[in-house]
Amino acid sequence: MSHVYDVPRISPHVAQSPTHPGPCPHPCPDLSPYALPAPPPVPPGVVDRLRAAGCVFAEDEARLILRTARTPEEVESMARRRVAGLPLEQVVGWAEFRGLRISLDPGVFVPRRRTEFLVSQAVAHATGRRSAAREGRAGAVVVDLCCGSGAVGAALVAALGPRTALYAADVDPAAVRCARRNVADIGGRVYEGDLFAALPAALRGRVDVLAANVPYVPSDAVGLLPSEARDHEPLVALDGGTDGLDVLRRVAAGAREWLAPGGCVLVETSERQAAQAALAFVRGGLTARLTTSEELDVTVVVGTAPAAPPGRVAPDSPAAPEGRTHGYAAPPPPAPGSKSSTK
Ligand SMILES: C[S@@+](CC[C@H](N)C(=O)[O-])C[C@H]1O[C@@H](n2cnc3c(N)ncnc32)[C@H](O)[C@@H]1O
């Protein structure tokens, strides 16, 4: 089951990543690794220690440590923590996500590259709503629930523009502190608490896009995750209960009340969990669509709230721009005497 979560993404490989073969496709201000000056020479001692500790890309990692550390003492301290097994992103204090540099603290979930697919689906939905509405409404209202570092919300604002109103929430105080740093400059607000209970009540019925990258590893598979995740990311960020869907079901059950007419909620799952996840959305009164990226080995469930009653403008979501998709609609009411069906 360790495929449910990949090994945390190693930032220095961005420049060589198969998905970023050339210049960075995203707007990367001067914080981006692409804009950094040529790195200093790598001390062989650091590379050797990283390699001996099992770091396959020891030279790249050493270079990133040298680029990030401000003093030789910091180089030593970072090398020591990396050798001890901390995810590289927690060691250097940042992760790359959709071309953004996301600040990261020890003990906060490292944003995964696969989650960029959820963001692209959310952007497509929000963009479709905006263009269907034609006239210039205010920016989209976006919620990043289970926000961790706030990477998803920050990437959504970067893609949708500065008029986007971003609200984020997480139950873990360390994640909330980290997310506040990452979204402060873009006007995002971050709340601490359990799922929807953390959000301001005034958002009820107004959310255009609700992105929720909930924990979804089945409890008995957490022990099979790579040590970087198992030992250095909080259990609350990984463990999704017996079948991995406990938190997702709660989000699916509560989302409709918070969504604007035609608004959508997006959740990441594994392919194996996808049908049950879609069913949870349908039970929550939403139309569910599954969309899969084979390249990133991830499935996103998109639940859409019913459009506004006639006379009110509520543009529908567009077709997904990429990935393989299929839909689940709310089942018709069961015939008298029959049992309810799952699809
Ligand atoms: C898989 S991590 C995703 C973090 C971030 N969205 C990302 O993609 O990098 C799941 C996050 O959900 C948070 N979480 C777990 N249960 C929660 C709950 N009941 N209410 C709010 N946040 C919760 C964890 O603290 C963790 O930060």
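Q: What makes a residue buried, and which residues of α3 are buried?
A: A residue is buried if 20 or more other C-beta atoms lie within 10 Å of its own. The model here is predicted. In its helix α3, M78, A79 and R82 are buried. Their arc around the axis covers only 100°, which puts them on the same side of α3.

Q: Why do residues three or four places apart in an α-helix point the same way?
A: An α-helix has 3.6 residues a turn, so residues at that spacing point the same way.

Q: Which exposed residues sit on the face of α3 turned away from its buried side?
A: That face carries E73 and R80, both exposed.

Q: What covers the buried residues of α3?
A: The cover includes the helices α1 (44–52), α2 (58–68) and α4 (88–92).

Q: Which residues are buried in helix α7?
A: In α7 (residues 173–183), the buried residues are A175, V176, C178, A179, N182 and V183. They cover an arc of only 165° around the axis, which puts them on the same side of α7. Among the elements that cover them are β2 (100–103), α6 (151–160), β4 (165–170) and β5 (189–192).

Q: How many helices and strands does the protein chain have, and what share of its residues is buried?
A: The chain has 10 helices and 10 strands. Buried residues make up 44% of its 343 residues.

Q: What share of the contacts with a separation of 6 or more joins residues 24 or more positions apart?
A: Here one looks at how far along the chain the two partners of a contact lie. Residues 24 or more positions apart account for 68% of those contacts in the protein chain.

Q: Which residues of the largest nonpolar core touch the most other members?
A: This core has 93 residues, and L156 and L210 touch the most other members. At least three of its residues come from each of domain 1 (2–91) and domain 2 (115–328). Leaving out residues up to four places away in sequence, L156 touches V119, A122, V123, V142, T164, L166, V209 and A211.

Q: How many residues of strand β6 are buried?
A: For a strand, one can count its buried residues. In β6 (residues 207–212), six of the six are buried, so the strand is largely enclosed by the rest of the structure.

Q: Which strands do bridges join to β6, and in what sense do they run?
A: Strand β3 (residues 141–145) is joined to β6 by four bridges, and the two run parallel. In this pair, V143 stands opposite L210 of β6. Five bridges join β6 to β7 (residues 259–269), again parallel. There, V209 has C264 of β7 as its bridge partner.

Q: Which residues lie on the two faces of β9?
A: Both faces are covered, with V298, V300, V302 and T304 buried on one side and T299, V301 and G303 buried on the other. Seven of the seven residues are buried, so β9 is largely enclosed by the rest of the structure.

Q: What pairs with β9?
A: Strand β7 is joined to β9 by six bridges and runs antiparallel to it; L266 has V302 as its bridge partner in β9. Strand β8 pairs with β9 over seven bridges, also in the antiparallel sense, and R289 stands opposite V302. The hairpin of β8 and β9 has four residues between the strands, and D297 takes a positive phi near 55° in it.

Q: Where does L286 lie, and which residues does L286 touch?
A: L286 is in the loop between α10 (274–283) and β8 (287–293). The residue is buried, because 26 other C-beta atoms lie within 10 Å. Not counting residues up to four places away in sequence, L286 touches A255, R256, V265, F281, G303, T304 and A305. L286 and A253 are 33 residues apart in sequence, with their C-alpha atoms 9.3 Å apart in space.

Q: Is T304 buried or exposed?
A: T304, in strand β9, counts as buried because it has 22 C-beta neighbours inside 10 Å. T304 and A255 are 49 residues apart along the chain, and 9.5 Å separates their C-alpha atoms.

Note on methods. Residues numbered from 1 in each chain as written. Predicted model: local features only at pLDDT ≥ 70, side-chain atom pairs only at ≥ 80, totals over all residues. Buried ≥ 20, exposed ≤ 12 C-beta atoms within 10 Å, placed from the backbone. Contact = placed C-beta atoms within 7 Å. Core = buried A, V, L, I, M, F, W, Y, C linked by C-beta atoms within 7 Å. Domains from an automatic or database assignment. Arc of directions from axis to C-beta. Pairing = 2+ DSSP bridges.
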